Amino acid sequence: ELCRTQAVVSTQSTGSGIKPKHMETATPMMEARRLILKHLKGKYIVGHDLKNDFETLTFKPHPVLVKDTSKCIALRHMAGLDANKIPSLRVLTRLIQGDVIQTASHCSVEDARAALALFKAAEDKWDDQSNPYLNDSYWAHLT
């Protein structure tokens with residue numbers, strides 16, 4: 001479902017797939033925000049490069065609940081990529097899952113499925129590298 005915040009200047013149809021006709025029935029931003037935050041409360045959030053999404057929603061979830069595939073070093077290693085560069089969802093998905101996504105325009109459902117598949121591929125390595133506080137070795141000096 002789409003939401004609108006103000007008058008639409010450009011829908012960037014080539015990348016997003018959104019056309020002006022889609023915006024005619026879009027949900028107002030504040031209503032969409034309320035519904036989204038209601039659904040996200042206390043849940044894990046899996047996605048790719050979620051910073052802009054959170055900024056748009058003016059939402060700061062607890063870091064332990066966020067599983068952002070763009071920040072996962074283990075995925076970069078699995079893909080054979082430089083650990084210091086943030087890869088696109090398309091590149092990670094192709095190199096790790098062998099799937100081709102985002103060929104014509106972005107589909108939010110396709111992107112969500114790809115991010116979830118990537119998370120599942122690295123789930124056993126996730127907390128050790130993305131949240132050092134959950135790793136026992138971080139606290140070893142205190143015992």
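A residue is termed buried when its relative accessible area is under 20%, exposed when it is over 50%, and partly exposed in between, as computed with a 1.4 Å probe on protein chains only. The model is predicted, so that local features are reported at a pLDDT of at least 70 and side-chain atom pairs at a pLDDT of 80 or more, whereas totals for chains, interfaces and linings use all residues. Residues are numbered from 1 along each chain as its sequence is written, and side-chain values use heavy atoms, with hydrogens and water left out.

Backbone geometry is considered at the outset. Most residues other than glycine have a negative phi. Gln102 is a residue other than glycine with a positive phi, near 55 degrees, and is located in the loop between H6 and helix H7 (108-130), helices being DSSP runs of H or I with at least four residues and strands runs of E with at least two, both numbered from the N terminus. With a relative accessible area of 15%, Gln102 is buried. Asp49, likewise a residue other than glycine, has a positive phi near 55 degrees and lies in the loop between strand S3 (45-47) and helix H4 (51-57); its relative accessible area of 38% makes Asp49 partly exposed.

Helix H6 spans residues 89-97, and its buried residues are Leu89, Leu92 and Thr93. These residues lie on the same side of H6, because they cover an arc of only 100 degrees around the axis, the arc being taken over the directions from the helix axis to the C-beta atoms. Just after H6, a positive phi of about 75 degrees is found at Gly98.

The ring centres of Phe54 and Phe59 are 5.7 Å apart and the ring planes stand at 75 degrees, so the pair is edge-to-face; rings of Phe, Tyr and Trp (its six-membered ring) pair if their centres lie within 6.5 Å, with planes under 30 degrees apart counted as stacked, over 60 as edge-to-face and the rest as tilted. Phe54 is buried at 13% relative accessibility, and Phe59 is buried at 19%.

The structure also holds one salt bridge, defined as a side-chain nitrogen of Lys or Arg within 4 Å of a carboxyl oxygen of Asp or Glu. This salt bridge joins the side chains of Asp124 and Lys125, with an N to O distance of 3.8 Å. Asp124 is exposed at 61% relative accessibility, while Lys125, with a relative accessible area of 38%, is partly exposed.
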